[in-house]
Amino acid sequence: MIIETERLLLRKWTNEDAESLFEYAKNPNVGPMAGWPPHTSIEESREVITNVLQGAECYAICEKENNVAIGAVELKLNGHTDMTERDDECELGYWLGEPFWGKGYMPEAAKSLLKRGFEELGMKKIWCGYYDGNNKSKRVQEKLGFEYDHAERMPVPLLNEVRLGHATFITLEQWKQR
């Protein structure tokens, strides 16, 4: 499955993406803000592709002109998120390589996944979240129309720490009005 937007292709991750994943995921400004440590090798990136980035609705974000993976966007369905236990709700998760920040790529990619979630997967509500201080992620959610729900202190297991996490959501009705 390939989802096409104005400037991007969203497609499944493959082992051939390990080098580009490593290139962007080794940056300490990227993973830790999203709750995971910087990658330390191409082999680690390959393992992440195999074990983490294979969710049913997980996509590599690629610029159309070169089809190189520069980030990820995913709808985490029931059983793969701790934000909801309902089958008609899911969680939007994402990250983007630093050279591509500020270009509007993440709202563009996420908007297409929201459309898929509501129109094709039958979602009634989509959750999202960001850790305190991750203002870029907060801004993406605001641009997409997510509404603030709550904050709570939560463990970040991959970094062995506790952070303040903020939860947001958008309902099918709110999305239709946008």
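Select L92. Leaving out residues up to four places away in sequence, L92 touches V73, E74, L75, A110, L113, L114, I126, W127, C128, L144 and F146, where contact means heavy atoms within 4.5 Å. This is a predicted model, in which local features need pLDDT of at least 70 and side-chain atom pairs count only at pLDDT 80 or more, while totals for chains, interfaces and linings use all residues. Residues are numbered from 1 along each chain as its sequence is written, and side-chain values use heavy atoms, without hydrogens and water.

A nonpolar core is a set of buried Ala, Val, Leu, Ile, Met, Phe, Trp, Tyr and Cys residues joined through side-chain atoms within 4.5 Å; buried means under 20% relative accessible area, exposed over 50%, and partly exposed in between (1.4 Å probe, protein chains only). Helices (H or I, at least four residues) and strands (E, at least two) are DSSP runs, numbered from the N terminus.

Now turn to the aromatic rings. The whole structure holds five aromatic pairs. Rings of Phe, Tyr and Trp (its six-membered ring) pair if their centres lie within 6.5 Å; planes under 30 degrees apart count as stacked, over 60 as edge-to-face and the rest as tilted. Select W36 and W95: this pair is edge-to-face, at 5.6 Å centre to centre with 75 degrees between the planes. W36 is in the loop between helix 2 (31-34) and helix 3 (42-51), and W95 is in strand 5 (residues 89-96), 59 residues apart. Both W36 and W95 are buried.

Move to F100 and Y105. Their ring centres are 6.4 Å apart and their planes are at 20 degrees, so the pair is stacked. F100 has a relative accessible area of 9%, and Y105 has 7%.

Finish at H166, in strand 8 (residues 161-171). H166 is buried because its relative accessible area is 11%. Its side chain is joined to that of Y148 by a polar contact of 2.6 Å (a pair of N or O atoms within 3.5 Å; within protein, one must be able to donate a hydrogen and the other to accept it, and residues adjacent in sequence count only if both atoms are side-chain atoms). Leaving aside neighbours within four places in sequence, the contacts of H166 include C128, Y130, D132 and H150.
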